Amino acid sequence: MAETTTSTKRTSAASNVWSDEERAAMRESARERKSASRRSPEEERAEGEREVLAKIADLPEPDRSMAERVHQIVSAAAPDLVPRTYYGMPAYSKGGKTLCFFKAKSKFKERYSTFGFETNAPLDDGPIWPVAFALWELTPDAEARLAALVKKAAG
């Protein structure tokens, strides 16, 4: 009988499961969690605000302007949410858990930016409801809708 062996080597296709941008986001998330674990609540808010504003400042236009406006909307709609970064993106948390986030289209080379909510955001509305929203333009109506969603999610 012929002896068979199996290889445990990864193929080049398997090693390219994650894009460079996705791998960078995962490294950023690990750094964020490690850094946050060492802070008091006051330090967490101050440092989170600084990190979010720095991330926004690093974005190319038009993402930067949109992220600045989203930050203003979220801060006004739910001032108790703590700014932080989440996989290198501006985000807002409650009770130490990320509630919502802004994902710039330039981060993953997508055609539109996204504002999303994590599963702990109580936006439940029947058996199905949206948890991420494409942001193409922040019109007054879009800003009001975003503010209302953030208020509802923040409780």
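This report walks through the sheet, the helices and the nonpolar core of a predicted model.

## Ground rules

Local features here need pLDDT of at least 70 and side-chain atom pairs count only at pLDDT 80 or more, while totals for chains, interfaces and linings use all residues. Residues are numbered from 1 along each chain as its sequence is written, and side-chain values use heavy atoms, with hydrogens and water left out.

## The sheet

Let's start with the strands (DSSP E runs of at least two residues, numbered from the N terminus). Five of them form an open sheet in the order β1-β2-β3-β4-β5, with antiparallel pairing; two strands pair if DSSP finds at least two bridges between them. β1 (82–86) and β5 are the edge strands, each pairing on one side only. From one strand to the next, the twist averages 25 degrees.

β5 has Phe 133 and Leu 135 on its covered face, and Ala 132 and Ala 134 on its uncovered one.

## Helices around it

Helices are DSSP H or I runs of at least four residues. α3 lies across β1 and β2, at about 55 degrees to β1. α5 lies across β2, β3, β4 and β5, at about 25 degrees to β4. Axes are lines fitted to C-alpha atoms, for helices over the stretch in contact, and angles run from 0 to 180 degrees between N-to-C directions.

The buried residues of α4 (buried means under 20% relative accessible area, with a 1.4 Å probe and protein chains only) are Asp 63, Met 66, Ala 67, Val 70, His 71, Ile 73, Val 74 and Ala 77. They sit on the same side of α4, because they cover an arc of only 165 degrees around the axis, taken from the directions from the helix axis to the C-beta atoms.

## The nonpolar core

A nonpolar core is a set of buried Ala, Val, Leu, Ile, Met, Phe, Trp, Tyr and Cys residues joined through side-chain atoms within 4.5 Å. The largest one has 29 residues, and Val 70, Leu 81, Phe 102, Phe 115, Phe 117 and Val 150 touch the most other members. Elements giving two or more residues to this core include α3 (41–58), α4 (63–77) and α5 (140–154).

Leaving aside neighbours within four places in sequence, Phe 117 is in contact with residues including Leu 99, Phe 133 and Val 150; contact means heavy atoms within 4.5 Å.

Notes. Buried means under 20% relative accessible area, exposed over 50%, partly exposed in between (1.4 Å probe, protein chains only).
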